[in-house]
Amino acid sequence: MKLRLLTLFLLLANTALFSQKITGKITDSQSGEPLSYATISLYNQADSTLVDGTITDDAGVFEVTAKPGLYFAKIDFLAYEPYLIDKIEVKKGGAKIDLGNIELYTATATLDEVVVQAEKSTMQLALDKKVFNVGKDLANSGNNAADILDNIPSVSVDIEGNVSLRGSTGVRILIDGKPSGLMSFSGAQGLRLLQGNQIDRVEIITNPSARYEGEGVGGIINIILKKERRQGLNGAFDVIVGYPTNYGGSANVNFRKDKLNFFLNYGITYNDTPVTGKTYQETERNDTLQIYDSRNERNQKGINNSIRGGLDYYFTSKDILTASYTWRRSKGDRTSFLTYNDYLFSSDNLTGFSTRTQDEEETEPNSEYSLTYKKTFKREGQEFTVDARYQDNWEESDQNFEERIFLPDGTANGAEIFDHSYNYETEKRLLLQADYIHPFKKDGRFEIGLYSSFREMTNNYIVEHLADGKWLADPGLTNHFIYNENIHAAYAQVGNKINRFSYQLGLRAEYSDVTTKLLQTEDVNPRDYLNLIPTAHFTYDLPNENAIQLSYSRRIRRPRYWDLSPFSTFTDNRNFFSGNPDLNPELTHSFEIGHVKYMENASISSSIYYRYTLDEIERIRRVDENGNSFTRPENLATENAYGVELTGSYSPYKWWKVDGNFNFFRSITDGDILDQNFYSDTYGWRSRFTSRFTFWKNTDLQVRWNYRSRSQTTQGYRLPSWSLDLGVSKDILNKNATLTLNVRDLFNTRRWRSITEGENFYSFHDGQWRTRQINLTFSYRLHQQKKRPDRRSGGEGDGVGDED
């Protein structure tokens with residue numbers, strides 16, 4: 001044993017004495033911005049065996065170690081061309097080798113003699129987040145932001161547009177790292193107004209640091225919009241045609257000369273989407289069984305416009321001021337035809353049926369003004385950023401309803417019923433944020449920041465019934481709702497790296513002041529609370545491009561505006577949905593252990609996660625003795641959720657790449673409401689598998705399989721579903737343009753089916769909010785780029801690298 005320990009000690013001492021550090025920094029060739037999470041692989045020059053590897057930090061800096069010898073390095077990053085550094089010589093007793101600043105070039109431009117495989121990458125794995133390159137995924141062409149999120153591993157979008165991450169609906173959705181007015185009134189359904197061709201990438205952050213808002217118990221989804229900063233005139237243009245009706249066009253253009261960079265994004269779409277649904281329900285009342293089945297056929301027509309323009313002014317290369325304005329307008333018409341068949345005791349005993357039509361006109365404009373100043377300093381990684389945004393949004397909805405009741409033989413049973421509802425909502429919001437990063441020692445970082453949000457929302461809701469030729473307001477449904485929300489936060493976090501071990505500790509304090517008011521009834525509900533949100537991340541870099549991380553964060557889910565609004569939807573006069581003004585926020589403790597492994601032609605990420613939630617918010621459905629259902633959110637006692645997630649990509653050949661995701665989760669929810677216990681213990685799993693082939697050099701074929709297993713809910717369970725997506729693309733016009741044809745849900749199997757049960761009812765629902773969609777997209781790229789240098793030579797231990 002002593003001999004073995006001595007041998008081990010000598011080996012470790014030999015490694016420590018003769019291994020040498022090799023460092024450098026990776027940046028974008030045009031903007032000069034550091035590229036975090038780029039992959040660096042160090043190989044032995046003699047036999048090309050992998051010696052060491054790592055990924056860059058937030059400042060784009062990396063460090064690998066090697067014994068004396070001759071090596072070469074390969075650098076890879078999502079949507080950038082691979083970069084090779086030859087002849088890196090490590091000498092015995094030599095100084096640290098600094099490769100200096102290494103510029104990577106985007107893979108969108110054409111190289112005559114090289115086929116760039118890196119531009120086909122769609123997914124980038126890191127310990128604390130996953131990045132998905134939207135434009136390289138053929139399934140996303142011609143779709144909106146909600147469709148794109150539904151294509152991302154571990155993310156699911158249900159029939160009502162609600163987004164969940166790893167089975168949790170408590171997800172915070174940001175656009176360019178900030179809250180957006182798109183989600184103000186309709187929640188995540190507003191993402192359907194954002195065209196997919198305006199999105200550059202999507203970041204999935206399951207356990208955020210203190211730098212991010214505490215909102216989002218399930219994590220954060222950050223949608224990054226396209227924006228160029230390259231010199232000269234650059235642009236991308238898309239034209240879309242699809243069936244069912246989906247027409248659109250977009251332009252993303254920038255022009256940079258010297259200190260000024262102008263950018264402009266415009267998109268327009270017109271679509272006519274069919275939506276179908278059916279429900280079967282049984283209700284018991286005094287030993288009497290009432291049954292109904294309903295069918296709903298709806299068409300949603302809409303035209304959406306979006307324009308985003310602004311400029312960057314470079315006072316110096318280290319001082320940038322960005323001003324921008326975003327305007328979106330959605331104009332929609334919805335028509336629906338709803339049929340109810342009523343039975344007594346059995347579905348063979350029809351007692352009557354009714355029809356109800358809806359005709360709605362809706363207008364929703366959104367405006368956002370933003371001003372951002374960023375200053376970087378001489379010291380690498382030191383920067384100061386201040387951001388101010390003002391959002392001004394409103395929505396107007398005018399709906400007319402007509403209902404007819406019939407006897408079993410089709411004879412009219414009474415006069416027609418006419419209803420009308422009018423809804424006018426407004427939102428004004430001011431966001432202020434300042435962040436400062438101060439590096440210390442070699443790899444240390446200290447960060448502090450302030451955040452404030454001032455938000456006011458109003459909802460004037462009127463429901464009227466026609467009686468004796470006059471429209472009379474319904475006092476039980478008509479009211480004016482006012483929502484005021486002020487949130488103030490401050491955070492600090494510190495991190496450092498000691499050899500292969502790194503840590504980051506943070507604390508965020510958030511004060512919330514929320515007041516709701518009903519003007520007609522003079523009901524006022526003020527609430528304020530202070531939350532401390534600690535975060536901790538510990539990472540250890542293992543040999544051969546392995547890393548493992550342990551993380552913890554405390555998260556909060558505040559009741560959102562529509563969660564608190566007491567107004568009931570009036571589309572269906574038997575099924576009502578409303579908010580709950582008495583909701584409390586959820587508080588979650590989130591733990592995660594993650595591992596990532598990089599290989600020459602593959603990468604794999606795995607994680608085990610656990611969440612403990614107090615005051616879990618769930619939508620609870622109740623049915624009265626007449627068979628009418630009422631659904632609203634309630635606070636349950638606790639939720640214990642845990643799971644395992646595996647994500648990976650593999651490219652066995654240059655022409656073939658596969659990636660997949662598997663997520664297994666279990667959630668145990670418990671709580672009592674009005675002496676009724678709601679308990680569920682659900683298991684579920686979701687998976688996606690994508691295979692992409694490149695043939696004939698300029699043609700790609702992609703196939704994606706999606707599956708969601710059966711899972712239990714608080715009052716029932718969801719049935720399994722699966723779908724298959726197909727896409728093909730071809731580069732044309734000297735690779736300056738691309739034609740993409742994709743079919744979403746090839747076999748038309750993507751449906752949302754669920755069973756809900758209560759003390760006196762049983763209900764089955766089957767709905768499809770998006771049928772099979774076929775899109776053809778023509779994309780044209782206009783680029784002006786400076787000439788690329790040849791492959792670099794690494795030099796010797798003095799750290800000086802020369803270009804060939």
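**Architecture, confidence and side-chain interactions of the predicted model**

Thr738 is buried, with a relative accessibility of 10%; buried denotes under 20% relative accessible area, exposed over 50%, and partly exposed the range in between (1.4 Å probe, protein chains only). The model is a predicted one, in which local features need pLDDT of at least 70 and side-chain atom pairs count only at pLDDT 80 or more, whereas totals for chains, interfaces and linings use all residues. Residues are numbered from 1 along each chain as its sequence is written, and side-chain values use heavy atoms, with hydrogens and water left out.

Thr738 belongs to strand β41 (residues 737-744), where helices (H or I, at least four residues) and strands (E, at least two) are DSSP runs numbered from the N terminus. The side chain of Thr738 makes a polar contact with that of Asp731 at 2.8 Å. A polar contact is a pair of N or O atoms within 3.5 Å; within protein, one must be able to donate a hydrogen and the other to accept it, and residues adjacent in sequence count only if both atoms are side-chain atoms. Beyond its neighbours within four places in sequence, Thr738 is in contact (heavy atoms within 4.5 Å) with Ser729, Lys730, Asp731, Ile732, Thr777, Phe778, Ser779 and Arg781.

At the level of the whole protein, the model contains 3 helices and 46 strands. Of its 804 residues, 53% count as buried. Among contacts between residues at least 6 apart in sequence, 67% join residues at least 24 apart. The protein exposes about 35,700 Å², of which carbon and sulfur atoms supply 56%; accessible areas come from the Shrake-Rupley method with a 1.4 Å probe, and for residues only the protein chains shown count as cover.

Confidence was examined through pLDDT, the predictor's confidence in each residue on a scale from 0 to 100. The mean pLDDT of the protein is 84, and 88% of its residues reach 70 or more. Confidence is highest in strand β21 (residues 383-406), at a mean of 95, and lowest in strand β46 (residues 802-803), at 33. Two segments stay under 50 in pLDDT: residues 8-13, with 0 contacts beyond four places in sequence, and residues 108-121, with 28 such contacts. Where pLDDT is low, the predicted coordinates should not be read in detail.

The structure holds 37 salt bridges, a salt bridge being a side-chain nitrogen of Lys or Arg within 4 Å of a carboxyl oxygen of Asp or Glu. Asp176 and Arg308 form one of these, with the closest N and O atoms 3.5 Å apart. This pair links distant parts of the chain, since Asp176 lies in the loop between β12 (171-175) and β13 (199-205) and Arg308 in strand β18 (residues 288-316), 132 residues apart. Asp176 is partly exposed at 23% relative accessibility, whereas Arg308 is buried at 12%. A salt bridge also joins the side chains of Lys375 and Asp319 (3.3 Å, N to O). Lys375 in strand β20 (residues 346-376) and Asp319 in strand β19 (residues 319-344) are 56 residues apart, and their pairing likewise links distant parts of the chain. Lys375 is partly exposed, at 27% relative accessibility, and Asp319 is buried, at 11%. The salt bridge between Asp700 and Arg692 spans 2.8 Å, N to O, and both residues are buried.

Aromatic rings of Phe, Tyr and Trp (its six-membered ring) were paired if their centres lie within 6.5 Å; planes under 30 degrees apart count as stacked, over 60 as edge-to-face and the rest as tilted. By this rule the model has 20 aromatic pairs. The pair of Trp722 and Phe747 is tilted because the ring planes stand at 45°, with centres 6.1 Å apart. Trp722 is located in strand β40 (residues 721-732) and Phe747 in the loop between β41 and β42 (752-757), so the pair ties together parts 25 residues apart in sequence. Tyr653, Trp655, Trp656 and Phe693 form one aromatic cluster.

Leu472, in strand β24 (residues 470-473), is partly exposed at 46% relative accessibility. Excluding residues up to four places away in sequence, Leu472 touches Val463, Glu464, His465 and Ala467. The C-alpha atoms of Leu472 and His420 are 9.7 Å apart in space, and the two residues are 52 apart in sequence.
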